[in-house]
Amino acid sequence: YKLTRVRARRLEKRSPLGRLDPQVKALWLVAHTRAARILRVRMVALGGLWVKIGQYLASRSDVTPEPLVNELSHLMDANPHRPISEIAATLVEELGEADLKRSLRAIDETPLSVASIAQVHTAWLLDGSKVVLKVMHRDVDTLMRQDLIHSEILASILAYLEPDFDFRPLIKEANSEHAKELDFTTEAANLTDVSSNLKTSAVNAVLPEVIPSLTTRRCLVMRFEEGTSLKDAEKLRSANIDLKLLLFRICEAWAAQMFVHGTFNCDPHPGNILVRDLPEIGPVPVLLDFGLTKRLTNEERLGFCQLLLGMSEMDGDMLHAGLLRLGFKFNVDFEPFEAMRDLMFEFRDSESDKSASEALIEARIEADTKRQKVFKEQAVHRRTKGDTPPLEAIPGTIVYFFRTTSMLQGLCTQLGVSIPFMKPMAVAARMALLQDSRARMQSHLAATATATAT
């Protein structure tokens, strides 16, 4: 990529079209195509956390070059499958041979999908019910834990070499959540809780029902849910699916998870969402895979609500209050509208056109590069004077919040849909803050009445 960048800049200088010159575009296309093939092969070979990183890149079609998206999309569910004998051995170890025979009538040997952590099969219970078996790869536990340790070592090295780029709290937060994916009983609890929460909020979404008696650390059994994958946008259009309504409902579902209830799926890529088109109400999202799920504390949830509502209403004081509530620590006077500029970009209206999205991202990167030069000069000056950085602490909890919103943006672009992305988020955040204010007021009135009575 460095060599391609040098050659591209030379061409840009010679051409009046600059980066839009066809030769420049062709040069980058070749580089991205070669890199995509190498990345896919290497990520599959490494497995574990690296496959999850590839899936994340593939989900960000608003940012990731098209050749990489096309190649890495195969990592969604087309990883090398494990033999059925290995799946059977794990099931016997987890459930016991006698219980297995008393519960399952048959298992389809052809997997529905193969992900970074587990393999998924269709199966049938003795009563004929169709279910899904999610069985953990036998070697993934050790492999993933090694990857998590290596990522922390790399973050420590970077922090030592570049003190202003200390991402250790963020990596620690990320690793904490990834480690939870290695216990399917945790995923079962996530799935059950989010399903209950969305029903309470009357959100149009379907989640599979967990079968607790057949769920263990390495085996998760759920009711089978029909639906069409979101990975093929053309197939969805040919089926006359209302994609705009579908994406709006998906964003509503995540807004309720993130702001109203504080427990949300952090991995909304196309492989984890199906759609069921119902004649009465139109497209309904079917949400899958709750292994990577973040549970916010009440303070964190309300902090994100203030952050979002502050942006929506251009209220700098509320934005500042939200950041402090989340655990940000500032050593200098805080300028809320400088932070708002960066945060608003994350909640911009989604782009239906991939080229427009890429152009927007490129312009943003170019502007940030110029700002970064100033920040580096200021950082050197601060270290020379012995001053502390302006931002003392970045809470790790923001990692998966912004990962999730960026993946939802990428999903909209991948399906070619533009929606007012902030609208459903702001509605949910406002509702959550009102509910909190009402609860505190009722608590205060109850305490006052008790004190008066005594």
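Student: Which residues is A256 in contact with, leaving aside its neighbours within four places in sequence?

Tutor: The model shown here is predicted. In it, A256 is in contact with L198, S201, V203, H261 and A428. The word applies because contact means heavy atoms within 4.5 Å.

Student: How far apart are A256 and L198 in sequence and in space?

Tutor: They are 58 residues apart in sequence, while their C-alpha atoms lie 7.0 Å apart in space.

Student: Where is A256 placed, and why is A256 called buried?

Tutor: A256 belongs to helix α11, which spans residues 243-261. Its relative accessible area is 5%.

Student: What makes L161 exposed?

Tutor: The relative accessible area of L161 is 58%. Exposed means over 50%, and therefore L161 is exposed. L161 is found in helix α7, residues 140-161.

Student: Which residues make the nonpolar surface patch?

Tutor: I149, I153, L154, I157, Y160 and L161 make a nonpolar surface patch of about 690 Å².

Student: How many disulfides does a search of the whole structure find?

Tutor: The search finds zero disulfides. To count as a disulfide, a pair of cysteine sulfur atoms must be within 2.5 Å.

Student: Are C266 and C305 buried or exposed?

Tutor: C266 has a relative accessible area of 0%, and C305 is likewise at 0%. Buried means under 20%, so both residues are buried.

Student: How do you know that strands β3 and β4 pair?

Tutor: Two strands pair if at least two bridges are found between them. Seven bridges join β3 (residues 118-125) to β4, so the two strands pair, and they run antiparallel. In one of these bridges, H121 has L133 of β4 as its partner. The β3 and β4 hairpin has four residues between the strands, and G128 takes a positive phi near 95 degrees there.

Student: What makes β4 and β5 a pair as well?

Tutor: Five bridges link β4 to strand β5 (residues 219-223) in the antiparallel sense. At least two are required, so β4 and β5 also pair. Here the bridge partner of L133 is V221 in β5.

Student: Why is β4 described as mostly covered?

Tutor: Strand β4 comprises residues 130-136, and six of its seven residues are buried. Each of those six is under 20% relative accessible area, because that is what buried means.

Definitions and conventions:
Residues are numbered from 1 along each chain as its sequence is written. This is a predicted model: local features need pLDDT of at least 70, side-chain atom pairs count only at pLDDT 80 or more; totals for chains, interfaces and linings use all residues. Side-chain values use heavy atoms; hydrogens and water are left out. Buried means under 20% relative accessible area, exposed over 50%, partly exposed in between (1.4 Å probe, protein chains only). Patches are made of residues with over 30% relative accessible area and no salt bridge: like charges are joined within 9 Å, nonpolar side chains (Val, Leu, Ile, Met, Phe, Trp, Tyr) within 5 Å. Accessible areas come from the Shrake-Rupley method with a 1.4 Å probe; for residues, only the protein chains shown count as cover. A salt bridge is a side-chain nitrogen of Lys or Arg within 4 Å of a carboxyl oxygen of Asp or Glu.
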